[in-house]
Amino acid sequence: MCRETNRKRKRGGRPETQPAETAVDESAGTSQPNIDVTEVVNPSPKPASSDHRGRRRGRSTKKHENEVSVNNNSKTLTVSVPAGLSGEVTAALMDVSREGSMARALPAMDAVVKVFCVHTEPNFSLPWQRKRQFSSSSSGFVIKGRRVLTNAHSVEHYTQVKLKKRGSDTKYVATVLAIGTECDIALLTVDDDEFWDGVQPVEFGDLPALQDAVTVVGYPIGGDTISVTSGVVSRIEILPYVHGSTELLGLQIDAAINSGNSGGPAFNDKGNCVGIAFQSLKHEDVENIGYVIPTPVIMHFIQDYEKNGGYTGFPVLGVEWQKMENPDLRLSSGMKPDQKGVRIRRVDPTSPEFEVLKPSDIILSFDGVDIANDGTVPFRRGERIGFSYLVSQKHTGDSAVIKVLRDSQAVKFNIKLSTHRRLIPAHIKGKPPSYYIIAGFVFTAVSVPYLRSEYGKDYECEAPVKLLEKLLHELPQSPDEQIVVVSQVLVADINIGYEDIVNTQVHAFNGQPVKNLKSLARMAESCTDKYLKFDLEYQQIVVLQTTNAKAATLDILSTHCIPSAMSEDLKA
């Protein structure tokens with residue numbers, strides 16, 4: 001048996017089929033067949049008739065022909081060719097295959113664009129101004145509706161965004177339509193009609209399976225032209241999204257994803273987009289681990305924008321839960337042997353679930369899907385996934401039915417899902433930081449970008465323990481609650497002795513709790529008492545004469561070229 005093939009099988013690809021036919025796969029919606037030659041086989045001659053009188057030792061009763069089976073649009077066509085011409089036919093099929101593959105790949109390649117962005121980040125240490133602007137480049141791709149997808153971190157704090165098509169020398173100014181911080185996706189468009197000429201939008205494919213081949217296309221560092229890397233899907237699970245500080249469905253692949261690849265599409269072997277490259281794992285013990293935002297998350301973002309005219313976010317279940325894998329724990333909670341679920345530890349006071357769910361409730365199912373004792377639900381055949389995936393498939397404002405076990409009785413609740421608000425927010429979503437200044441004391445609200453600006457990338461190790469405890473464990477008690485700190489003290493005669501106070505939380509002002517920065521500014525500005533008294537963390541206090549403090553504020557603002565004693569959002 002002679003076997004000829006025009007390609008090597010990718011590592012981790014599907015097992016080879018039995019060598020019986022040449023598969024010709026024609027993509028839907030294209031006039032020219034996209035031919036993917038899997039194998040060309042020269043089968044053995046057909047056996048002669050069972051009649052022994054027709055046999056001749058060492059001789060053939062007839063001239064044998066080779067058969068090539070072609071599968072086109074789910075119809076199998078068997079073509080008989082002379083044995084001597086099988087090589088030529090095979091070569092011809094391979095040539096057609098290459099041409100078809102190029103015809104399929106070129107439109108997808110042309111839809112990949114290079115994204116140029118000028119960023120101007122806030123200066124959290126001096127919140128009345130911004131940092132020096134800088135430029136970056138990344139990748140994106142065209143989708144239907146004259147829109148372009150890229151990563152949110154590629155256009156974060158953007159001042160100007162421009163796009164350049166493959167093979168073009170022109171950059172087109174783009175408009176940012178929506179930024180999905182949690183899912184790390186941004187939606188752009190270009191007003192210039194010339195940009196859209198000759199560009200065929202990318203089509204989305206289904207969620208790939210493990211070991212499916214993927215090709216990542218983009219403009220990473222190391223060159224100016226388009227780059228293609230390939231690999232396979234290594235893992236599908238709920239992953240941490242670094243930029244969004246959240247957890248959503250993600251794909252792990254072994255294709256290289258480098259700086260500049262962000263926002264580029266990941267294609268399957270049919271030329272359909274199955275995800276967006278967005279982050280990679282850098283560690284001395286690992287190599288070639290990249291992550292892709294899968295199509296369910298992408299479609300959720302697009303549908304959210306089309307439905308609401310903007311990005312509203314991914315809803316979450318406002319509870320913290322505990323696994324119920326211990327049999328004694330299940331028995332003491334009144335669970336029957338056939339019941340499974342997870343125990344609620346705490347309920348977010350600002351979430352809708354706070355009205356119906358209670359600590360120690362056992363969540364048995366979400367929207368009719370049973371939850372296991374480890375918090376997973378069935379995903380696909382042979383796979384399980386965290387039940388937060390079911391929640392993330394919903395949209396903000398959608399309803400869901402939750403079945404819980406309370407006092408050994410199963411109860412169902414219909415709840416309205418909403419986004420999660422953290423006491424220390426993970427993002428300020430493009431807004432300038434808020435601040436208030438009096439007597440040289442600079443007050444601001446704590447956020448993760450603020451901590452990163454003050455303490456660097458290792459802020460989780462370097463920041464004050466009190467702030468980290470609130471970041472990791474404390475829940476907000478009201479929707480507008482903030483952690484207000486003294487960021488720094490601008491030295492002046494009025495604040496002698498207080499110069500060393502840095503990043504210390506403010507608990508109360510003149511005996512009144514400080515709920516947020518706006519309430520502190522309002523109380524301080526309207527204060528008519530003789531003294532301004534601030535109660536700080538670690539039982540520290542700051543006392544200033546009201547008249548002298550307000551008078552000194554104007555001189556301090558002038559000395560440091562600060563245009564206003566408070567940010568614009570606090571003046572409203």
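Modeller: (A salt bridge here is a side-chain nitrogen of Lys or Arg within 4 Å of a carboxyl oxygen of Asp or Glu.) Arg346 sits in strand S19 (residues 342-347) and Glu320 in strand S18 (residues 319-322), so the pair ties together parts 26 residues apart in sequence; strands are DSSP runs of E, at least two residues, and helices runs of H or I, at least four, numbered from the N terminus. Arg346 is partly exposed at 30% relative accessible area, and Glu320 is partly exposed too, at 22%. (Buried means under 20% relative accessible area, exposed over 50%, partly exposed in between, with a 1.4 Å probe and protein chains only.)

Keep in mind that this is a predicted model, where local features need pLDDT of at least 70 and side-chain atom pairs 80 or more, while totals for chains, interfaces and linings use all residues. Residues are numbered from 1 along each chain as its sequence is written, and side-chain values use heavy atoms, leaving out hydrogens and water.

Next, Asp361 and Arg406 meet in a salt bridge at 2.7 Å, N to O. Asp361 is in the loop between S19 and strand S20 (362-366), Arg406 in strand S24 (residues 399-406), so this pair ties together parts 45 residues apart in sequence. Asp361 is buried at 2% relative accessibility, and Arg406 is buried at 19%. Back at Glu320, salt bridges with shared partners join Glu320, Arg345 and Arg346 into one network. The whole structure has 14 salt bridges.
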